[in-house]
Structure formats: C-alpha cells, structure tokens
Amino acid sequence: MKTKTIVICIVLLFAGINASIAQQKKGLLWEISGNGLQQPAYLFGTVHLYDTTQYKLPQLPADLLNKVNKVYFEMDFSRIDQAEMMAGMIIKDTTQYLDKLLDTASLASLHTLSASSPMLKMLGKKIYAVKPLIMMSWISASSTKSATVDFELFRQLMAQNKPIGGLETPKDQMAAIDAVPLPKQAEMLKRALDKNFSLDQQISRLTDVYTKQELDDLMTVLNDNIPVDASFDDAIRLHRNVSMANSIDSILRTEHPLIAVGAGHFGNSTGLLALLQQKGYTLKNIPLIIKKTHE
C-alpha cells in the first residue's frame, strides 16, 4: 500500500463528522492580518470528500500562491513514516478486534467490501485488527466519485516545487483517534457498514453544502447519519482546533503562509476562525466561486 494512499485515508477521517455548531460562519478562504504581521497570511477550508461529478474543484485566486512563502496542510503528505503510520492503525488488544466488536450484519458488509477493494483485500484476516475509525476512512476512500481537495492542492504545489509543511504529525492524528474508545468507534463503523447507508449520497450532500460555504450546515451533514458523541467531537475537533491554532500562531511569527485544513475546523466559538481572532488576528473573508461541473 503506497504511503500517500494511507495518509489520504487517515485525513479522510477528519472530513467534518462533528456536532452541529450554533453560530453561523460563511466562507472558505480567509485573509489573516493584524497582530504585528508584516504581510497577510491565508486560511483555506478544504473538504476531504468531494464529488467532482457535481462541481469543479475549488480554484484559489490565480495570484494567491505567489503571495505566500509556504503552504501548510493538516499533515505534510510528503514526509510520512509508513511504518509508524501502519503501527498506529492496528488494535493492540485482540479482544477488541473488529470480529469481536461488530455484529453479524456489519461483518458480512465488511467482507463484501473487502472482496471488492484491493486496499482491504490485501489485509486478509488482518482486516479485523484495523481500528474502526481507520476502517471508516478506508471505506470512504473506496468511493469512485470522490476527490480530495487537500490532495489535489498538494499535487499542484508539488509540481510547482512549493515548500510544504504540516500542522500535525501522523502521531498527533493517531492520538486523536485513540482518545475515542474502541466500542464508540465500532458503533460509528456499524452505521457506515449499514446497507441502507449510501456513501455516494453522503458525498454528494457534503459537496453541495461545502460549495455553498455555510460552515455550520457543513458540520451537520455527516452527523445526520453517523452517530457521534462528546468524546469523538472533543478528541477529533475541539482539542485539535486548539493545537492547530497554537501551531498557526507560532508559524505566523516568522512566515506568511497559506494554511489549508478541513473547513470543519473553522466554525463556532471553538473553531479556528474564533481562536485566531482571540489571539489578536483579523480575519477577512475572500469570496471564492465554485462552479458546477458542466458550466
């Protein structure tokens, strides 16, 4: 399994499966100024599951990348330790393997998926040792109609030899996953394996809301169909928002970058927009037009 494929599967997990937020925020591209900055920086909200049959991939203003000296993603896709990544995906307690946590119907669905997925098929019986949230990300990656906005931008930047960095390490993201108890993870995986659950429909809904740039609506789309609780939201979004805001603050002291992270981290009083404002920065929305595929 190629390293970048593994990384994208992990990043897919953080696609905005969060509790709904109360305060409306709108906009995917923001200019960061103030707080002593000599030049502005930029914050771009991505989405990790995007239906390109509905809409063209979002395009940043043509001159934006020329204004920044580096681009940061949630993780630096170009610097991943594959062995470390794989080790973090495995359940160490054999009594908590998927064949112990999932019911008969869910296991049957998992077997069907693994038979048609090269990524899952190569695991053999080791499939039961994969953490449920990781398995959810791989199921998401199996959709034939989705692209990943983060990775498309990453590929563009690699072609331009643009310096790239990451706000988090794979170890950081694995720690967030491990903060959610395995039985809670298994309940979420069961819903994703439900035969009545349509991943393609979910991706279409998510894409439609993302292109409207309504950040609170974006948060509710996946939450409508996958059960989440406070432990998940706390580990996957809230703690990471604080950590990412602190990293961004540190970076802005010496650089003027573009920072591209999941738009699910932007909204409400605990999101990156509010946290950066609390640190003294001014955020100004830059209009971003996303066109339908056949326009």
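Me: Are F73 and F154 both buried or both exposed?
Reply: Good place to start: this is a predicted model, where local features need pLDDT of at least 70, side-chain atom pairs count only at pLDDT 80 or more, and totals for chains, interfaces and linings use all residues. Residues are numbered from 1 along each chain as its sequence is written, and side-chain values use heavy atoms, leaving out hydrogens and water. Relative accessible area (1.4 Å probe, protein chains only) sorts residues into buried at under 20%, exposed at over 50% and partly exposed in between. On that scale, F73 and F154 are both buried.

Me: How many aromatic pairs are there?
Reply: Rings of Phe, Tyr and Trp (its six-membered ring) pair if their centres lie within 6.5 Å; planes under 30 degrees apart are stacked, over 60 edge-to-face, and the rest tilted. By this rule, the number of aromatic pairs is six.

Me: Are the rings of F73 and F154 stacked or edge-to-face?
Reply: Their centres are 6.1 Å apart. Their planes stand at 80°, so the pair is edge-to-face.

Me: Are the rings of F151 and F154 stacked or edge-to-face?
Reply: These two are three residues apart in helix α7, about one helical turn, and both are buried. With ring centres 5.4 Å apart and planes at 25°, the pair is stacked.

Me: Which residues form one aromatic cluster with F151 and F154?
Reply: Two further Phe residues belong to the cluster. Alongside F151 and F154, they are F73 and F77.

Me: Where is N161, with its positive phi?
Reply: Most residues other than glycine have a negative phi. Phi of N161, however, is near 55°, and this residue is exposed, at 68% relative accessible area. Its location is the loop between α7 and β6 (164–168).

Me: What is the relative accessibility of N35?
Reply: N35 also has a positive phi, near 55°, and is found in the loop between β1 (29–33) and β2 (41–46). N35 counts as partly exposed, because its relative accessibility is 41%.

Me: What arc do the buried residues of α9 cover?
Reply: The buried residues of helix α9 (residues 182–193) are L182, Q185, A186, M188, L189, A192 and L193. The arc is taken from the directions from the helix axis to the C-beta atoms. They lie on the same side of α9, because they cover an arc of only 165°.

Technical notes
Helices (H or I, at least four residues) and strands (E, at least two) are DSSP runs, numbered from the N terminus. The expected span of a helix is 1.5 Å times one less than its number of residues.
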